[in-house]
Amino acid sequence: MTGLFNDRYYLNVILAMFFMAGIVISLYLIYSLPADLRLTDGYQSAFTGIYLTIGATFLLGALTLSGSLRYKKELIVMRDRVIDAAQAKRDEADQSGKTSISLDAVKSSLQQARNQKDILNSGLQAICKQLEAGQGALYLTREEDGKRTVELQNGYALSVGESTVIKFEFGEGLVGQAAASARTLYVDDVPTGYIKIISGLGSASPRYLLIVPIKQQAQVLGIMEIASFTNVTEDQRKFVEEAAQLVADKISTKA
């Protein structure tokens with residue numbers, strides 16, 4: 001019973017039924033009023049105009065109320081359809097993300113790697129290609145005089161020279177934060193110009209940045225940084241984390 005009254009549409013229907021009942025009772029009482037007052041014969045003609053006016057008013061009110069309830073129900077149905085359609089699109093997008101990525105390609109690339117350099121390059125290339133990423137970078141952990149840093153080792157579509165040295169201390173910048181916390185970072189609103197992807201056709205700035213630690217148990221071996229022009233879904237982030245674990249396992253076996 002409580003659930004019925006929580007549904008506003010059905011509550012309005014019940015109130016409308018009471019309203020209609022009230023109209024019928026009111027008409028009967030008005031029609032009976034002359035007889036109750038014991039008026040003389042001939043009063044019917046005097047009350048005819050009143051009967052018609054009140055009856056027409058009640059009828060107009062009933063039609064208006066009925067139309068409002070019907071229109072409200074149509075709005076509810078339309079709203080539900082819009083919600084269902086939006087949910088279907090989200091499900092389709094999520095399903096698309098699930099079916100377009102696979103760890104098998106990463107495993108296959110890593111199996112063919114002969115040394116650490118091949119492992120890093122093959123793993124990063126396989127991951128970025130499946131995500132259709134705009135840019136990727138892979139850093140390895142270094143420790144000197146008790147100071148830990150992560151230094152760039154491999155890149156995917158990076159606009160830097162081979163001799164360029166890029167490194168961050170643990171806790172420095174986004175890459176350093178991911179290394180210090182050993183947790184994945186995801187930025188979905190990268191400022192324009194923060195990262196630039198340069199090609200023969202020009203340059204552009206990705207809007208999404210995913211930074212995933214490469215770790216063996218609690219030890220951070222490195223960092224994988226991926227820039228994308230499109231949103232990285234939850235399934236894709238999980239894929240990168242699992243792929244990073246494969247890279248970590250492979251590095252450990254080659255160490």
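Biologist: Where does Asp145 lie?

Modeller: Asp145 lies in the loop between strand E1 (135-144) and strand E2 (147-156), where helices (H or I, at least four residues) and strands (E, at least two) are DSSP runs numbered from the N terminus. Please keep in mind that this is a predicted model, in which local features need pLDDT of at least 70 and side-chain atom pairs count only at pLDDT 80 or more, while totals for chains, interfaces and linings use all residues. Residues are numbered from 1 along each chain as its sequence is written, and side-chain values use heavy atoms, with hydrogens and water left out.

Biologist: Is Asp145 buried or exposed?

Modeller: Asp145 is exposed, with a relative accessible area of 84%; buried means under 20% relative accessible area, exposed over 50%, and partly exposed in between, using a 1.4 Å probe and protein chains only. Although Asp145 is not a glycine, its phi is positive, at about 55 degrees.

Biologist: And what is the phi of Ala182?

Modeller: Ala182 has a positive phi of about 60 degrees, and it is not a glycine. Ala182 lies in the loop between helix H6 (173-181) and strand E4 (185-187), and it is buried, with a relative accessible area of 18%.

Biologist: Changing topic, how do H4 and H5 pack?

Modeller: Two packed helices are described by the angle between their axes and the distance between the axes. Helix H4 (residues 103-111) and helix H5 (residues 116-131) pack at about 160 degrees, with their axes 8 Å apart; axes are lines fitted to C-alpha atoms, for helices over the stretch in contact, and angles run from 0 to 180 degrees between N-to-C directions. That makes H4 roughly antiparallel to H5, given that angles under 35 degrees count as roughly parallel, over 145 as roughly antiparallel, 65 to 115 as roughly perpendicular and the rest as oblique.

Biologist: Which residues make the contact?

Modeller: On H4 the contact is made by Ala105, Val106, Ser109 and Leu110, and on H5 by Ile119, Ser122, Gly123, Ala126, Ile127 and Gln130, where contact means heavy atoms within 4.5 Å. These residues divide into six nonpolar, four polar and no charged, with Ala, Val, Leu, Ile, Met, Phe, Trp, Tyr, Cys and Pro counted as nonpolar, Asp, Glu, Lys and Arg as charged, and the others, Gly among them, as polar.

Biologist: What does the side chain of Gln130 reach?

Modeller: The side chain of Gln130 reaches the backbone oxygen of Ser102 at 2.6 Å. Gln130 is found in helix H5 and is buried, with a relative accessible area of 18%.

Biologist: Where is Gln217 found?

Modeller: Gln217 is found in the loop between E7 and strand E8 (219-228), and it is exposed, with a relative accessible area of 74%. Gln217 and Gln245 are 28 residues apart in sequence and, C-alpha to C-alpha, 9.5 Å apart in space.

Biologist: Last one, how many helices and strands does the chain have?

Modeller: The chain has seven helices and eight strands, and buried residues make up 28% of its 255 residues.

Methods: A polar contact is a pair of N or O atoms within 3.5 Å; within protein, one must be able to donate a hydrogen and the other to accept it, and residues adjacent in sequence count only if both atoms are side-chain atoms.
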